[in-house]
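Please read it beside the sequence and the structure shown here.

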Amino acid sequence: MKSLTLLEIGQSVSFTEVANPLLEENSSIVKLSASALNHRDVWITKGMYPGIKTPIILGSDGAGTVEGKDVIINPGINWGENQAVQSDQFEVLGLPRNGTFAEEICIENKYIFPKPEHLSIHEAAALPLAGLTAYRVLFERCQVQPSDKVLITGAGGGVALMAIQFALALGCEVHVTSGSNKKIEKAIDLGAKKGYNYKEEEWYKRADGPFDVIIDSAGGDSFQYLVRLCAPGARIGFYGATLGKYTNLNPQILFWRQVSILGSTMGSDLDFKAMLEFVAHHKIRPIIDEVFPLEDGAKAFAKMEAGMQFGKIVLKH
């Protein structure tokens, strides 16, 4: 079968012929119709991820068919029984096991779910990792409520966009940040009330806070400004730290306003099921930036690395 395989760290993925997967116990062969990129895939090619082995078929997001029925795959493997935190055996599809950038994949049946009927196969492929991550950080970690005023950073990324759509569907007032005015305009078109360009000096002083919930994936020095925008009792949920360690935090604001800082990674099997139900109920459709043929995977990776996309980059198989 055809696949996008990482042959060596430091290189882009190669469109190669590999052996078809063998059927294992309590599993099914999913004939993949589409998959989607995540920043995780790019980081792996650069060696910026623990436990990398090559060759490896990358890809966490995927949708396809099993015995003619449309399905979607939960990419969070071996979460465990504790809903509060993942087990030591937890892994994300696409490393260390082969992922979804191929024509077929063998996956345990418990990770295979019916595709939400309102989604196209490309939209379904764009949903799993971003949808799961956004759902858990918003609903399980930050306990978001319809009355909350929410700030979501990095509008344009897959998880951030899903978080925006989920919060809007719940009835929240949503504000966003981005380094691109064009992306801010697109987020407002989706329903966000206001947006702020974090590349502008002292942008946080113009932000219409305070906010009850803040969702972030950047961290770094700019995190201190998010803390200043917190309402009393606010919850800050974060699922990444692309800008590195937090610096210059003011602890007085945190304890006096009783602010909670809540880390979040992916989600449990129950979170995935609940996310699919929420998406189906509200007829939410993931935002797709562009669809590439599987054989043009290297071009898709280059676009992801450039960071100019608004929404998910999808591969059609």
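Helices (H or I, at least four residues) and strands (E, at least two residues) are DSSP runs, numbered from the N terminus. The model is predicted, so to speak of local features a pLDDT of at least 70 is needed, side-chain atom pairs count only at pLDDT 80 or more, and totals for chains, interfaces and linings use all residues. Residues are numbered from 1 along each chain as its sequence is written, and side-chain values use heavy atoms, with hydrogens and water left out.

Two strands pair if DSSP finds at least two bridges between them. An open sheet is formed by six strands in the order 13-12-11-14-15-16, with parallel pairing. Strand 13 (194-197) and strand 16 (260-263) are at the edges; each has a single partner strand, so one side of each is left without a neighbour in the sheet. On average, and with direction ignored, neighbouring strands of this sheet are turned by 20° against each other. Such angles rest on axes, which are lines fitted to C-alpha atoms, for helices over the stretch in contact; angles run from 0 to 180 degrees between N-to-C directions.

Strand 12 pairs with strand 13 in the parallel sense over four bridges, and Thr177 stands opposite Tyr196 in strand 13. Helix 5 (residues 181-190) lies across strand 12 and strand 13 and runs at about 165° to strand 13. Helix 3 lies across strand 14 (211-216), strand 15 (230-238) and strand 16, running at about 150° to strand 14.

Ser178 lies in strand 12 (residues 173-178). Is Ser178 buried or exposed? Ser178 is buried, with a relative accessible area of 4%; buried means under 20% relative accessible area, exposed over 50%, and partly exposed in between (1.4 Å probe, protein chains only). The side chain of Ser178 reaches the backbone nitrogen of Ser180 at 3.0 Å. Apart from neighbours within four places in sequence, Ser178 is in contact (heavy atoms within 4.5 Å) with Ala155, Lys183, Ile184, Tyr196, Asn197 and Tyr198.

Arg235 lies in strand 15. Arg235 is buried, with a relative accessible area of 17%, and its side chain reaches the backbone oxygen of Gln143 at 3.3 Å. When residues up to four places away in sequence are not counted, Arg235 touches Cys142, Gln143, Val144, Asp148, Asp212, Val213, Ile214, Ser260 and Leu262.

**Helix 3 against helix 8**

How do helix 3 (residues 128-141) and helix 8 (residues 269-282) lie, and at which angle do they cross? Their axes come within 9 Å and cross at roughly 95°. That makes helix 3 roughly perpendicular to helix 8, since angles of 65 to 115 degrees count as roughly perpendicular, under 35 as roughly parallel, over 145 as roughly antiparallel and the rest as oblique. From helix 3, Pro128, Gly131, Leu132, Tyr135, Arg136, Phe139 and Glu140 meet Asp271, Phe272, Ala274, Met275 and Phe278 of helix 8. The residues of this contact divide into eight nonpolar, one polar and three charged. Here Ala, Val, Leu, Ile, Met, Phe, Trp, Tyr, Cys and Pro count as nonpolar, Asp, Glu, Lys and Arg as charged, and the others, Gly among them, as polar.

Leu6 has Ile56 as its bridge partner in strand 4.

Strand 5 (residues 61-66) is mostly covered, as five of its six residues are buried. In the hairpin of strand 5 and strand 6, with two residues between the strands, Glu67 takes a positive phi near 55°.

| Strand pair | Bridges |
|---|---|
| Strand 1 (residues 2-6) and strand 4 | two bridges |
| Strand 3 (residues 27-36) and strand 5 | five bridges |
| Strand 5 and strand 6 (residues 69-73) | four bridges |

In strand 5, Thr65 is the bridge partner of Lys31, while Ala63 stands opposite Ile72 in strand 6.

**A buried loop residue**

Phe90 is found in the loop between strand 7 (76-77) and strand 8 (91-92). Phe90 is buried, with a relative accessible area of 17%. Leaving aside neighbours within four places in sequence, Phe90 is in contact with Gly76, Ile77, Asn78, Trp79 and Met266.

Technical notes:
Polar contact = N/O pair within 3.5 Å; in protein donor to acceptor, adjacent residues only side chain to side chain.
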